[in-house]
Amino acid sequence: MHHAAWVVPLMWLGVIASCHGTPQPVPVLGDSVSIETLIGRWEGTYESPETRRSGSIVFTLQGRTDTAYGDVLMVPADGGDLAIPGRDPRTPEDAGRGPQLLSISFVQVGGNQLVGKLNPYRDPSCGCEVTTTFEGRLRGNVIEGTYTTRHVRETAVQRGTWLVKRKD
């Protein structure tokens, strides 16, 4: 399994299902036995003491497939405004004004190890593009790990932790 600097924000509860909308498809890479260990609905949270950001994570893998569905809701340090009429937190001009819905690019699993990456997004603090990678360890019905966010044009790195639990 390839290991790179990982991120999240995987990232993940208070506002989960009702705010997440339609999750995006996420390619899941790995052998069939490892992929089967991820079958189910996973919910949890992430947080970063460095950025004072947190959020919810939802990830679902059904049956024997190589595609899951999931996303991450990033909440700014000040909590943001969860209901801003006319704003779409996925667009660059509205990014940073409230919670952002982030999409997972891919997940790779091997044994009890999991790694992945989020699609690039705008950091609410600097308005610059960042990438986030994450890694975790599966133990029963819990996956716990760390993430790393890197600014595309800078050397700045931010870290945090995440945890999801299988709900069904």
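**Strand pairing, core and salt bridges in a predicted model**

Strand S6 (residues 113-118) and strand S8 pair in the antiparallel sense over five bridges, where two strands are said to pair if DSSP finds at least two bridges between them. The structure is a predicted model, in which local features need pLDDT of at least 70 and side-chain atom pairs count only at pLDDT 80 or more, while totals for chains, interfaces and linings use all residues. Residues are numbered from 1 along each chain as its sequence is written, and side-chain values use heavy atoms, with hydrogens and water left out.

The secondary structure of the chain consists of two helices and ten strands, these elements being DSSP runs numbered from the N terminus (helices, H or I, of at least four residues; strands, E, of at least two). Along the sequence, the elements follow the pattern α-β-α-β-β-β-β-β-β-β-β-β.

In the hairpin of S8 and S9, two residues lie between the strands, and Gly140 takes a positive phi near 65°.

Of the 168 residues of the chain, 42% count as buried; the term means under 20% relative accessible area, whereas exposed means over 50% and partly exposed lies in between (1.4 Å probe, protein chains only). The chain exposes about 8400 Å², of which carbon and sulfur atoms supply 49%, the areas being computed by the Shrake-Rupley method with a 1.4 Å probe. In soluble globular proteins, nonpolar side chains tend to be buried together. The largest nonpolar core in this model has 26 residues, and those with the most contacts inside it are Leu38 and Trp162. Strand S5 (residues 100-110) gives the largest share of this core, four residues. Such a core is a set of buried Ala, Val, Leu, Ile, Met, Phe, Trp, Tyr and Cys residues joined through side-chain atoms within 4.5 Å.

Strand S5 also contains Ser103, whose side chain is joined to that of Asn119 by a polar contact of 2.7 Å. A polar contact is a pair of N or O atoms within 3.5 Å; within protein, one must be able to donate a hydrogen and the other to accept it, and residues adjacent in sequence count only if both atoms are side-chain atoms. When residues up to four places away in sequence are not counted, Ser103 touches Gln24, Leu118 and Asn119, contact meaning heavy atoms within 4.5 Å.

A search of the whole structure finds three salt bridges, each defined as a side-chain nitrogen of Lys or Arg within 4 Å of a carboxyl oxygen of Asp or Glu. The side chains of Arg53 and Asp123 meet in one of them (3.1 Å, N to O). This pair links distant parts of the chain, 70 residues apart, with Arg53 in strand S3 (residues 53-61) and Asp123 in the loop between strand S7 (121-122) and strand S8 (129-139). Arg53 is buried, at 7% relative accessible area, and Asp123 is buried at 2%.
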